[in-house]
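Please read these notes with the model open beside you. They go point by point.

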Amino acid sequence: MDEMHNTIFWSDDDLQMISQSPVYKETFEHKANIEKEFLALKPALECFPQIFGDLRLENFMHACALVSSRAWKTSKGVSLISFADFLNHDGTSDSVLLSDDYKEISEVLADRDYGVGELVMIRYGKFSNATLLLDFGFTVPNNIYDQVILWFPGKSMCSLILCSSLLRFLMVILHYSLEEEWQEISLMVGFMFYDPHIPG
């Protein structure tokens, strides 16, 4: 399992590094969902010890991570496509994976010419670094699909005005400070309000 870097495999000490990030909470929720699925499936899987052998949550979690990080959505559902999982992610790539259900084939259309031995890149999706870290175990610098979550105490009008002012300020800074190729960046900002008087 050493090759898996999804946050569900991180140690408690490692997770503390992202304790202020929403990914921290999502990691525990994801682990809880996998454990729930494992406990639901375990009685059925135990009927086939010759296939599944010694059933352990760690192995099930590893299998879930392998499938979820390598599966592709098609019109017929989710598929594991041979060799497509060798392709690495580049958020700016325009290469696409096409599936023809009638011919039962899949192909990658490259966005440019590649030399012999050069890595062919593809975009897994328009994912933020939080999603990439949680589901794939990596982040990318200068991610144009990254998100920022701003936390403000309370739900008062002052907080809303502060949010609005800060958002305008951020957009101005981004517009004038980013390099030309990043001028079209889209900043997705989620406003999450915390009221200390409400438990939980």
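**Notes on the model**

1. Start with threonine 7, which lies in the segment before helix 1 (12-16). Helices here are DSSP runs of H or I with at least four residues, strands are runs of E with at least two, and both are numbered from the N terminus. Threonine 7 is buried, with a relative accessible area of 0%. Buried means under 20% relative accessible area, exposed means over 50%, and partly exposed lies in between (1.4 Å probe, protein chains only). Leaving out residues up to four places away in sequence, threonine 7 touches Leu15, Ile18, Val23, Thr27, Leu133 and Leu134. Contact means heavy atoms within 4.5 Å.

2. A word on the source. This is a predicted model, in which local features need pLDDT of at least 70 and side-chain atom pairs count only at pLDDT 80 or more, while totals for chains, interfaces and linings use all residues. Residues are numbered from 1 along each chain as its sequence is written, and side-chain values use heavy atoms, with hydrogens and water left out.

3. Now the overall layout. The protein has six helices and eight strands. Along the sequence, the pattern is α-α-α-α-β-β-β-β-β-β-α-β-α-β. Of the 200 residues in the protein, 23% are buried. Take the contacts between residues at least 6 apart in sequence: 53% of them join residues at least 24 apart.

4. Look next at helix 2 (residues 22-45) and helix 4 (residues 57-70). They pack at an angle of about 115°, with their axes 10 Å apart. That makes helix 2 roughly perpendicular to helix 4. Axes are lines fitted to C-alpha atoms, for helices over the stretch in contact, and angles run from 0 to 180 degrees between N-to-C directions. Angles of 65 to 115 degrees count as roughly perpendicular, under 35 as roughly parallel, over 145 as roughly antiparallel, and the rest as oblique.

5. Which residues make the contact of helix 2 and helix 4? Helix 2 gives Ile34, Glu35, Glu37, Phe38 and Leu41, and helix 4 gives Leu57, Phe60, Met61 and Cys64. Seven of these residues are nonpolar, none is polar and two are charged. Here Ala, Val, Leu, Ile, Met, Phe, Trp, Tyr, Cys and Pro count as nonpolar, Asp, Glu, Lys and Arg as charged, and the others, Gly among them, as polar.

6. Strand 1 (residues 71-74) has two faces. Trp72 and Thr74 are on the covered face, and Ala71 and Lys73 on the uncovered one. In a regular strand, side chains alternate between the two faces of the sheet. Strand 1 pairs with strand 2 (residues 77-80) in the antiparallel sense, over four bridges. Two strands pair if DSSP finds at least two bridges between them. Threonine 74 stands opposite glycine 77. A hairpin of two residues joins strand 1 to strand 2.

7. Strand 4 (residues 96-100) and strand 5 also pair in the antiparallel sense, over five bridges. Aspartate 100 stands opposite isoleucine 105. Isoleucine 105 is partly exposed, with a relative accessible area of 43%. The C-alpha atoms of isoleucine 105 and isoleucine 81 are separated by 9.2 Å, though the two are 24 residues apart along the chain.

8. Last, check the backbone angles. Most residues other than glycine have a negative phi. In the hairpin of strand 4 and strand 5, glutamate 104 takes a positive phi near 55°. Asparagine 142 has a positive phi of about 55°. Asparagine 142 sits in the loop between helix 5 (129-135) and strand 7 (147-153). Asparagine 142 is exposed, with a relative accessible area of 61%.
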